[in-house]
Amino acid sequence: MNEIDRVADFRRRHGIDRLIDVHTHFMPKSVLDKVWQYFDEAGPLVGREWPITYRHDEDERVARLRDFGVRKFTSMLYPHKPAMAAWLNSWAADFAARTPDCLHTATFYPEPEAAGYVADAIGAGAVVFKSHIQVGGYSPLDPLLEPVWSQLEEERIPTVVHCGSGPAPGVHTGPEPMAELLRRHPELTVIVAHMGLPEYREFADLAERYPRVYLDTTMVFTDFTEAATPFPANELSRLAALRSKVLLGTDFPNIPYPYVHQLDALERVAPDSAWLREVCHDNAATLFALR
């Protein structure tokens, strides 16, 4: 059975008509090429061999997600230096305009212009943002980001935040900065990438404490991640209670295994099929008000 059929079989088994993947990467080719080079070289924020499974051109990657039955996906992109985010947002707006199944994604960096170009992105239709604290090397508490978080809180627009300390810790990663950010902005809509690995427990606590904090499944429970950063066995029982707070994410195309393996990994830990339906579609459909 080929991979497309295996994904379709997973969906059939659990009554999932379509998937919604909140953590997929599309970005300008020049930027993606550098990202792939970094993975190829097992850079310090990767730290291990990491082959890219879907090293295809953009059209083929979009087609592959559609073949898998993905109804909506994101174009997670992120700057690693100043004067980059606005350009990425311009590219992302064009990508969303020509890719109707993409949830219009934008990003930001702590710089004086951030509040302005975030407002512009929202005005242009962005419905989700990406903040990569690890790669960007910035604190979510940077004063330059205060007006950004205020806008996103007021507009109730989700931000996928890579704030956990995996696969390698950053200067500002970990639950403490995010806990303080949420203390200041308790209605901020945050999707914690990778369920906050390796600080799974602490980020699950934040999801329980704050009404608009979610966790995405990106790479969690897979053999690749379990070998280095296993999800605590004594935390698995919390998955049922958190069922409305967990969203499917995969990191496609930058994953070192087939897409279907993420789904199989979720199936191994799922309390029931209803949980998988919520995680793989319904929760995101509600969050993004998709009919």
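I'll start with the aromatic cluster: ring pairs connect Phe26, Phe73, Trp91 and Phe95. Keep in mind that this is a predicted model. A search of the whole structure gives 15 aromatic pairs. One of them is Tyr54 with Phe68, an edge-to-face pair at 6.5 Å centre to centre and 80 degrees between the planes. Tyr54 sits in the loop between helix 2 and helix 3, and Phe68 in the loop between helix 3 and strand 2, so the contact ties together parts 14 residues apart in sequence. Tyr54 is buried at 2% relative accessible area, and Phe68 is buried at 0%.

Trp91 and Phe95 are stacked, 5.2 Å centre to centre with 10 degrees between the planes. They are four residues apart in helix 4, residues 85-98, which puts about one helical turn between them. Trp91 has 16% relative accessibility and, with buried meaning under 20%, counts as buried; Phe95 is at 0%.

Two charges over rings. Arg48 lies over the face of Phe224, 3.6 Å from the ring centre.

Six strands form an open sheet in the order 4-5-6-7-8-9, with parallel pairing. Its edges are strand 4 (105-107) and strand 9 (246-247). Strand 4 is joined to strand 5 by three bridges, and Ala106 stands opposite Phe129.

Notes
Residues numbered from 1 in each chain as written. Predicted model: local features only at pLDDT ≥ 70, side-chain atom pairs only at ≥ 80, totals over all residues. Heavy atoms only, no water. Pairing = 2+ DSSP bridges. Helix = DSSP H or I, 4+ residues; strand = E, 2+ residues; numbered from the N terminus. Phe/Tyr/Trp six-rings, centres within 6.5 Å; stacked < 30°, edge-to-face > 60°. Buried < 20%, exposed > 50% of the residue type's maximum accessible area, 1.4 Å probe, protein only. Lys NZ or Arg CZ within 6 Å of the ring centre and 35° of its normal.
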